[in-house]
Amino acid sequence: MNENIALVVDTNSNYSDVWEPCFARLKKYNSGAKVYVCTDTAAGIPSEYHPIIYDNSESYRNQMLSCLKQVKEKYIIYTSEDYILYDYVKQSLIEKVANILSETGYSFCKFIKGPEKTTPFNLDENLYEIDFQDANLFAQQASIWNTRDFQRIFEAAPSDNTRMEHEPGGSEICRQLSIRGLQYYSGTKKRGIHHYDSEIYPCIATAVVKGLWNMSEYPQELSEVVNEFRINLNDRGWR
């Protein structure tokens with residue numbers, strides 16, 4: 001992948017049981033990408049990846065801010081450990097999207113269509129502009145971001161923000177900072193109530209919901225993960 005694009009996995013050792021399928025599938029389906037892992041410990045992180053260690057005693061906002069400041073690439077693909085891939089990432093399409101962001105001044109592009117209100121974007125048939133006033137303008141899901149703009153959102157957030165507080169407040173911060181974004185959608189099928197599958201970054205979104213394996217929305221994809229990595233569903237439970 002383009003040297004100006006790195007992938008960031010946002011995680012914590014509380015989810016270390018999800019690391020093996022996450023990292024193994026990244027290696028299989030997104031080979032050649034530079035990967036940073038924002039985590040509280042480097043133990044268990046594959047040697048080919050770049051752990052950035054944060055302080056568990058800090059707020060989520062401060063943890064992420066300390067990590068983002070250490071990422072030098074112009075663009076990041078933001079993910080979490082439970083965005084487990086099940087097919088090949090379309091690296092050439094992601095590079096094309098990054099070029100469009102650079103040429104137009106947009107800050108990000110979501111890879112997963114959700115409930116956001118959008119309008120067609122004239123530079124690519126699969127790109128849509130997210131309504132600037134939409135409550136879901138910002139979301140921490142699989143997306144490509146201008147690294148410094150993503151950092152600015154955390155800088156503008158209250159210093160004691162938890163993750164659950166940061167996400168709904170992010171859309172208002174985007175409006176305050178005039179940060180606009182796009183969405184990539186290529187006609188893939190709906191998955192669950194609010195989102196659609198992604199062609200450009202084909203992942204389980206998300207594999208763990210409220211601490212439980214998300215078998216209800218991804219029965220086939222997660223069953224394959226469970227069998228491949230010999231996961232005991234009873235250890236974490238499932239829904």
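**Exercise 1. Which residues have the most contacts inside the largest nonpolar core, and how many residues does this core have?**

Solution. The largest nonpolar core has 51 residues, and those with the most contacts inside it are Leu26, Ile94, Ile144, Tyr201 and Trp213. A nonpolar core is a set of buried Ala, Val, Leu, Ile, Met, Phe, Trp, Tyr and Cys residues joined through side-chain atoms within 4.5 Å. Buried means under 20% relative accessible area, exposed over 50%, and partly exposed in between (1.4 Å probe, protein chains only).

Next, the elements. Those giving two or more residues to this core include helix 1 (19-29), helix 3 (91-104) and helix 6 (219-228). Helices (H or I, at least four residues) and strands (E, at least two) are DSSP runs, numbered from the N terminus.

Then, one residue. With neighbours within four places in sequence left aside, Leu26 is in contact (heavy atoms within 4.5 Å) with Leu7, Val9, Ser31, Val35, Tyr49, Leu85 and Tyr201. A second, separate core of 27 residues includes Cys67, Phe108, Ile173 and Cys174.

The model is predicted: local features need pLDDT of at least 70 and side-chain atom pairs count only at pLDDT 80 or more, while totals for chains, interfaces and linings use all residues. Residues are numbered from 1 along each chain as its sequence is written, and side-chain values use heavy atoms, with hydrogens and water left out.

**Exercise 2. Describe how helix 2 and helix 4 cross.**

Solution. Start with distance and angle: the axes of helix 2 (residues 60-68) and helix 4 (residues 147-156) come within 9 Å and cross at roughly 155 degrees. Helix 2 is therefore roughly antiparallel to helix 4 (the cut-off is over 145 degrees).

Next, list the residues. Helix 2 makes the contact with Tyr60, Arg61, Met64, Leu65 and Leu68, and helix 4 with Thr147, Arg148, Phe150, Gln151, Phe154 and Glu155. By kind, six are nonpolar, two polar and three charged.

**Exercise 3. Is Arg236 buried or exposed? Is Asn234 buried or exposed?**

Solution. Locate them: Arg236 is found in helix 7 (residues 233-236), and Asn234 also has its place in helix 7.

Apply the cut-offs. Arg236 counts as buried because its relative accessibility is 18%. Asn234 counts as exposed because its relative accessibility is 60%.

Finally, look at the surroundings. Beyond neighbours within four places in sequence, the residues in contact with Arg236 include Asn14, Asp17 and Trp213. Asn234 and Trp213 are 21 residues apart in sequence, and their C-alpha atoms are 9.7 Å apart in space.

Methods
Axes are lines fitted to C-alpha atoms, for helices over the stretch in contact, and angles run from 0 to 180 degrees between N-to-C directions. Angles under 35 degrees count as roughly parallel, over 145 as roughly antiparallel, 65 to 115 as roughly perpendicular and the rest as oblique. Ala, Val, Leu, Ile, Met, Phe, Trp, Tyr, Cys and Pro count as nonpolar, Asp, Glu, Lys and Arg as charged, and the others, Gly among them, as polar.
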